[in-house]
Amino acid sequence: MSVSPLTFHHMTKPNNTHVISIRNGQPRCVRNVSDFYGKLQREPGKKVERERTDNAQSARLSHDSEPNDKQLSLRKCRLSLKSDCGLKSGRPSNISEDSSNELEDFSDDEADVEGASSKRWDDNPKKHYKSLCGAADVVPSSAFLRQVETSAMNLSHSYLSHWDIRIMSYFLVNNATIIELDVSGNHIGPQGARCLAQAIQENVFITDLNMSGTNIEAKGVHSLVSALLINRTVTKLNLSGNRLDRTHTPDLARLIKENDYIVDLDLSHNELDELAACKLAPAIDMNVSLKRLVLRWNHFRRTGASLMVKAICNNVELEEADLSWNGLGEEGCRAFKGFLGKNHTLRSLDISNNRIAFIDLGYFIGGLVKNDTLSTLKLHGNPITTDGAEALCVALEHCKTTAMTEINIEDTPADDKLCKAKEALRAVHDINVIYREPIGHRLSPITTRNRCQDPVLVLFEYMKQENLRLIDLFRHLDRDKSNSISREEFREGFLMMNIKLTEEGLDHLLNKLDKDKNNLVDYNELIKSKREITRHHLKNGSDILQDESYKEMLDAIKEMLTKAKTTPTNKVSASAHARTTSGTITSSDKKMAM
């Protein structure tokens with residue numbers, strides 16, 4: 001009979017014998033003796049022992065002496081089958097009332113199991129775990145067996161189900177060896193989360209719990225939070241990648257507000273939106289234990305972003321906050337202006353990729369110069385422009401209370417003004433500014449036969465090689481989000497591509513793209529120019545493809561893109577910059593720049 005792993009099948013046989021298939025179609029036969037057990041009076045030294053043999057059709061009463069530890073542990077494992085049975089709720093519809101009573105009979109044994117004084121199987125944990133698996137007809141996990149005697153249990157992406165987690169939970173209740181537990185990447189669901197929560201509630205040794213990407217859903221979150229409000233040993237919790245949204249925020253807010261032991265909380269890669277941020281912010285504000293909070297890759301916007309920034313700044317214990325890949329924008333920067341200066345505990349702040357434009361950066365700088373503890377700041381991925389980076393360096397140069405040691409703006413291209421501002425800042429404060437190397441430190445590869453190629457052709461060829469749509473290219477160049485590209489934005493755009501563009505080439509570019517001659521290029525003008533280039537290629541297709549200068553340009557662009565992808569962000573030394581601005585550059589400086 002073919003049976004799915006999580007399905008129960010019941011049928012009645014003569015002599016009042018019932019067959020229940022628990023897993024993989026393996027039958028477990030028990031006799032319905034509910035009336036007998038109901039009338040049975042418990043006596044010291046008596047116990048009911050159930051054995052599963054090949055026929056498995058007998059239930060016997062044994063009058064042994066005091067039950068040993070192994071029998072107690074196995075009996076406790078069997079008790080779990082009465083409540084969950086691998087289903088979401090209630091008793092399976094295809095199990096009869098008699099079989100339900102049979103499963104309920106195990107509940108009478110709980111008092112004996114919990115009241116017994118048994119050892120913890122520390123002498124042979126592998127044998128203990130295998131015995132538990134055998135009692136529940138579950139195949140032992142090889143990953144668990146390999147690490148059962150280590151302090152760090154890494155079960156990440158081990159294809160564990162809630163059945164496996166249930167057996168492990170019984171093992172973990174009294175285990176004193178495992179300190180770090182990682183079950184990330186396993187589809188344990190809310191049932192596995194509930195079983196693990198019960199173990200965490202009893203275990204007093206696990207300090208690091210990683211449940212990222214386990215699909216625990218709302219019921220699993222509720223069970224886990226209820227257990228963690230009792231547990232006092234877990235200090236690091238990772239719930240990232242569980243698709244948590246606004247429906248989970250009441251439990252999360254309760255955990256953050258009432259738990260005083262978790263110091264490291266990761267809620268990244270979830271679906272927490274503006275409303276969720278509004279509910280979580282008051283709890284974060286009142287928390288007195290968190291040292292590190294990771295909220296990257298969520299959907300914080302507008303009012304939610306403002307309240308979240310305010311809560312983080314008002315927290316009196318938080319030292320590291322990661323808000324990257326959200327949408328703080330102007331509202332978040334305004335909140336930083338009002339509250340960052342009042343914070344005296346924050347050491348590291350990551351607000352990269354948060355749609356912070358040049359104008360928004362001004363609000364953030366207003367709060368940054370008032371702060372006296374922040375040492376590491378990550379701002380990359382925001383369209384702050386080179387002028388914004390220069391303004392940041394100038395503001396910190398004149399700030400006497402800053403504790404800053406590193407600023408990461410690695411995707412912002414540097415010009416001479418930014419390099420000078422950075423050197424002036426280092427002369428006053430020992431702050432390492434990470435930015436894209438100045439264009440003067442490398443030779444432009446887009447030159448053929450000692451002459452520069454048409455910048456319009458280079459621009460569109462770059463788009464083609466990078467597999468960009470025209471709208472993507474436009475957004476890439478429109479740094480201030482004004483729906484038009486200015487002369488300065490074209491200059492910075494070519495710097496971002498590591499292509500040297502002279503003033504003459506810039507004039508030629510604007511002359512071809514700016515159709516209405518207002519010194520700005522909008523999206524419609526870019527479309528028209530792209531069509532003109534395409535028609536020119538179609539009209540002279542064979543001649544252009546055979547043109548040696550055109551081939552050299554394509555090779556140069558490909559070489560440039562390959563080098564850009566393989567070359568890490570460079571940190572240019574002050575001596576190399578000084579020699580470059582004076583007009584000389586040595587081979588060693590070239591190697592450092594490349």
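Tutor: Happy to. Helices here are DSSP runs of H or I with at least four residues, strands are runs of E with at least two, and both are numbered from the N terminus. Counted that way, the protein has 25 helices and 18 strands. Please keep in mind that this is a predicted model.

A word on confidence before we zoom in. The average pLDDT of the protein is 75, and 66% of the residues score at least 70. Residues 1-67 stay under 50, although the model has 127 contacts for them beyond four places in sequence. Residues 80-121 are also below 50, with 82 contacts beyond near neighbours in sequence.

Now for the overall setting. Of the 594 residues in the protein, 49% are buried. Among contacts between residues at least 6 apart in sequence, 76% join residues at least 24 apart.

In helix H14 (residues 358-368), 8 of the 11 residues are buried, so the helix is largely enclosed by the rest of the structure. The buried residues are Asp 360, Leu 361, Tyr 363, Phe 364, Ile 365, Gly 366, Gly 367 and Leu 368.

Next, how do helices pair up? Two packed helices are described by the angle between their axes and the distance between the axes. Take helix H9 (residues 217-228) and helix H10 (residues 249-258): their axes come within 9 Å and cross at roughly 15 degrees. Angles under 35 degrees count as roughly parallel, and therefore H9 is roughly parallel to H10. The crossing of H9 past H10 is left-handed. On the H9 side, the contact is made by Ala 218, Val 221, His 222, Val 225, Ser 226 and Leu 228, while H10 brings Asp 251, Leu 252, Arg 254 and Leu 255. By class, the residues of this contact are 6 nonpolar, 2 polar and 2 charged.

Leu 459, Phe 460 and Met 463 of H17 meet Leu 470, Leu 473 and Leu 477 of H18. This contact has 6 nonpolar residues, with no polar and no charged ones.

Finally, a few loops that join on to helices. Asp 137 sits in the loop between helix H5 (125-135) and helix H6 (142-147). With a relative accessibility of 11%, Asp 137 counts as buried. The C-alpha atom of Asp 137 is separated by 9.6 Å from that of Trp 163, 26 residues apart along the chain.

Trp 297 belongs to the loop between strand S11 (292-294) and helix H12 (302-314). Its phi is positive, about 55 degrees, although Trp 297 is not a glycine. At 41% relative accessibility, Trp 297 counts as partly exposed. Lys 517, in the loop between helix H20 (503-513) and helix H21 (523-539), has a positive phi near 55 degrees, again in a residue other than glycine. Lys 517 counts as exposed, at 53% relative accessibility.

How values were computed
Residues numbered from 1 in each chain as written. Predicted model: local features only at pLDDT ≥ 70, side-chain atom pairs only at ≥ 80, totals over all residues. Heavy atoms only, no water. pLDDT = per-residue confidence, 0-100. Contact = heavy atoms within 4.5 Å. Axes fitted to C-alpha atoms, helices over the stretch in contact; angles between N-to-C directions. Parallel < 35°, antiparallel > 145°, perpendicular 65-115°, else oblique. Left-handed = near helix turned anticlockwise from the far one by under 90°. Nonpolar A, V, L, I, M, F, W, Y, C, P; charged D, E, K, R; others polar. Buried < 20%, exposed > 50% of the residue type's maximum accessible area, 1.4 Å probe, protein only.
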